[in-house]
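Thanks for making time this morning.

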Amino acid sequence: MNSVPESGMWERYRRAEAMLYRNVKSLVFNLETTVHWLPDSSSFWYRSESASGGRFMLVDAPTGRQQQAFDHRGVAQALTEALGREILPSGLPFETFEFTSRGSRIRFKVDGRQWECGVYGSELAVLPDSAPTDARGSLSPSGRYEARIDAGNLVLFDHVRGSSTALTNDAQPSHGYGSSPEGRNSAVTDRLANREVPPRVVWSPDERYMLTHRLDERRVGMLHLYQGAPEGSLRPHIHSYRQALPGDAELPLAQLVVFEVETARHADLRWKPLASPFLTPIELEHVWWASGSDAVFFLDWDRDRRSVRLVSADPSTGECTVLVEEASETPIDLNAVYYGRPNVWVGRDRREIIWYSSRSGWGHLYLLDGAGDPIRQLTAGDWLVTDLVRVDEETRTALFMGTGREPSRDPYYHHLYSVSLDGGDPVLLTPEDAEHGEWPPFVDFSPDGQYFVDRYSRIDQPPRTVLRRSTGELVAQVTGTDVSPLLATGWRFPESFTARASDGETDLRGMIVLPHDFDPARRYPVIESIYPGPQATRTPRGFTDVVGESTRCLADLGFVVFTVDSRGTPGRSKAFLDAGYGRSGTAELLADHVAVLAQLAEERPYLDLDRVGIYGHSAGGYAAVRAMLEYPEVYRVGVASAGNHDQALTNVTWGERWIGPLPGPGWDTQANPTLAHNLQGKLLLVTGDLDDNVNPAATMQLVDALVAANRDFDLLVLPNRNHDFAGTWGTWNEDPYFTRRRWDYFVEHLMGEQPPRGYQVAAP
């Protein structure tokens with residue numbers, strides 16, 4: 001007999017659905033505050049939210065004083081008359097605008113058309129179809145020039161002269177200009193959506209030159225997707241795309257090319273083509289121009305990423321010079337964030353270079369001379385620089401985000417610092433004990449660098465947005481986040497915890513989420529939400545990331561849910577990250593997760609370790625299965641979606657970056673199918689048939705091994721879904737059917753209750 005009546009479980013499902021991001025976002029005001037600086041740096045505007053509607057506010061930077069950016073009532077009245085429907089001042093039908101005519105008029109889009117009027121609502125008019133945007137091409141800084149792709153060739157449009165010039169005519173299939181590799185995890189998705197990928201180009205500041213690449217994918221191997229239920233057709237479709245796999249001899253190669261705009265002359269940079277199995281150097285921001293447009297810089301990694309070079313090129317001749325080179329026994333990162341912009345800076349006169357290195361065991365900034373020789377180490381210590389935000393050559397100051405420097409704080413909290421290029425200790429500019437900036441962490445500087453806007457929060461503290469001078473002096477609080485409607489529903493804040501890794505020495509950080517009606521006298525089934533890295537952490541640090549989290553939905557069904565970031569993940573020391581190098585077979589140290597679970601149970605007797613489940617998506621799907629296969633006595637129920645169950649079937653920059661060259665150590669034990677015979681618990685495997693990020697073959701090959709091992713499991717194939725059916729960390733845009741099936745699986749097999757029959761999660 002069920003301990004929870006069906007009507008009671010139905011109500012739990014209703015509450016869990018109410019906690020989906022798309023439902024709770026209307027209960028939180030000013031959750032994300034985007035600021036828009038005016039070009040003269042004197043002020044910025046943002047959109048303020050409240051239960052009564054939205055307002056556009058203008059903030060004076062020197063004083064912090066706020067006022068409405070324009071007359072909302074006047075603009076609403078003008079739109080009401082023009083559109084023939086009532087427009088309220090608190091409900092203007094646009095969320096962004098721009099000032100024109102030196103701030104006396106505003107321009108915005110309503111009903112797909114561009115409008116413009118005075119700041120008091122006068123002279124409202126529809127504008128003609130405007131000038132070009134980046135929807136099809138790549139615009140130069142002034143907007144005069146636009147590069148487009150035509151059958152793999154580049155065409156340059158001059159919107160001042162009204163002319164076009166064919167820059168190339170020698171493109172071939174899979175060997176064209178400015179394209180993005182088909183192994184970019186979205187090639188089929190883009191194709192089916194008729195989404196044109198703009199050409200990948202980098203304009204020189206003076207618009208004299210345009211740099212792009214010619215991408216050669218002709219010899220790259222193919223992968224295929226089988227679409228069994230295409231709309232409007234009984235016949236299945238096959239979608240093919242090129243993607244290099246670990247161990248493949250042939251990779252996509254990008255030859256950098258510089259075009260001179262006025263003459264249409266071009267020259268290949270005199271450097272070998274750069275391996276681009278996932279994204280090109282331009283897409284990764286590994287290529288940039290000198291401020292004087294007389295040089296272009298780029299980064300060249302070896303395939304195994306254990307050596308990297310900073311190269312300077314002369315755009316007029318293509319001649320290249322190596323400025324900095326570094327090698328390591330384990331992979332090198334130039335940013336603590338996977339695929340973050342490299343923390344490299346070259347001064348205007350090219351006499352100084354800031355270089356990021358983990359050679360000391362922690363990621364820090366080093367000042368070099370123009371030849372790459374050391375001048376001084378700018379930052380040092382057992383803490384981490386994450387992002388070089390900006391460099392002010394006038395004051396000789398570097399501003400950067402860092403973690404772990406402030407004692408007794410969460411080592412993952414980001415703070416903004418400044419440090420002099422001439423030496424000295426870093427200066428803390430954001431003192432609050434919280435996570436500062438967004439992810440990737442950044443703050444919004446004024447164009448002249450004299451002010452910045454910082455948004456900070458914690459998982460137990462809603463965001464606050466403040467304005468500061470570049471020296472850190474507080475000017476004003478801009479806005480706070482109102483969560484009172486959310487709290488009125490009974491929503492409870494998650495809790496942070498610290499536990500020891502399986503080595504008994506290393507501190508790990510995590511998050512635990514309790515049901516809204518939590519009773520410490522009860523015993524609760526436990527679910528771990530896992531993402532093992534190695535390129536990202538799972539545990540949120542700021543409040544925005546916990547609103548609408550999948551963990552909250554599951555908790556309100558009656559589970560206790562936790563996350564933890566084990567060794568083998570970023571954000572700490574190089575040794576902490578490198579602990580997982582070549583060890584994907586351990587899903588980045590699953591022993592740490594098991595050790596943390598045991599400690600949590602010692603401190604929290606309400607955790608029932610006889611009922612422990614686990615779920616994850618992508619690398620988390622791999623780890624969820626791995627946990628059930630390596631620790632079947634611990635993890636009894638699992639849901640693994642879009643899992644990359646064999647890293648040999650992933651992108652080169654994933655598999656080889658984190659395991660090493662194939663063949664080599666670590667590869668023979670990392671694939672989940674090799675342990676299929678260990679499965680004891682209840683396992684649900686989920687994949688989308690159009691997943692061009694993690695090919696469904698990864699799941700089907702695991703299915704094949706489970707069948708061969710005579711193991712029972714469940715399989716759900718979602719037709720016409722790509723990799724995104726699980727949303728962002730869970731419920732931001734989850735597929736409703738998948739959401740309900742995951743809930744059902746844990747309710748039935750871990751909680752031991754009957755899921756409500758016929759329950760349907762509403763589509764977004």
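This is a predicted model: local features need pLDDT of at least 70, side-chain atom pairs count only at pLDDT 80 or more; totals for chains, interfaces and linings use all residues.

Let me begin with the second largest cavity, whose volume is about 120 Å³. A cavity here is a set of points, on a 1 Å grid over the protein atoms alone, where a 1.4 Å probe fits but cannot get out, and lining residues have an atom within 4 Å of a point. The volume is the space filled by probe spheres set on the points, which are joined across faces, edges and corners. Residues are numbered from 1 along each chain as its sequence is written, and side-chain values use heavy atoms, with hydrogens and water left out.

Among the residues lining this second cavity are W301, R305, D333 and Y338, and its lining divides into seven nonpolar, three polar and two charged residues. By that division, Ala, Val, Leu, Ile, Met, Phe, Trp, Tyr, Cys and Pro are nonpolar, Asp, Glu, Lys and Arg are charged, and the others, Gly among them, are polar.

Of the 21 residues that line the largest cavity, A275, P277, W301, R305 and T653 are the closest to its centre. Helix α10 gives the most to this lining, with four residues; helices (H or I, at least four residues) and strands (E, at least two) are DSSP runs, numbered from the N terminus.

Now to the charged pairs: which side chain does R105 meet in a salt bridge? The partner is E116, at 2.9 Å from N to O, where a salt bridge means a side-chain nitrogen of Lys or Arg within 4 Å of a carboxyl oxygen of Asp or Glu. This pair links distant parts of the chain, with R105 in strand β6 and E116 in strand β7, 11 residues apart. R105 counts as buried at 14% relative accessibility, and E116 is buried as well, at 10%; buried means under 20% relative accessible area, exposed over 50%, and partly exposed in between, with a 1.4 Å probe and protein chains only.

In the salt bridge between R604 and E603, the closest N and O atoms are 3.1 Å apart; here R604 is buried at 12%, whereas E603 is exposed at 53%.

Notes:
On a 1 Å grid over the protein atoms alone, a cavity is a set of points where a 1.4 Å probe fits but cannot get out, and a pocket is an open set with protein on both sides within 12 Å along at least five of seven lines; lining residues have an atom within 4 Å of a point.
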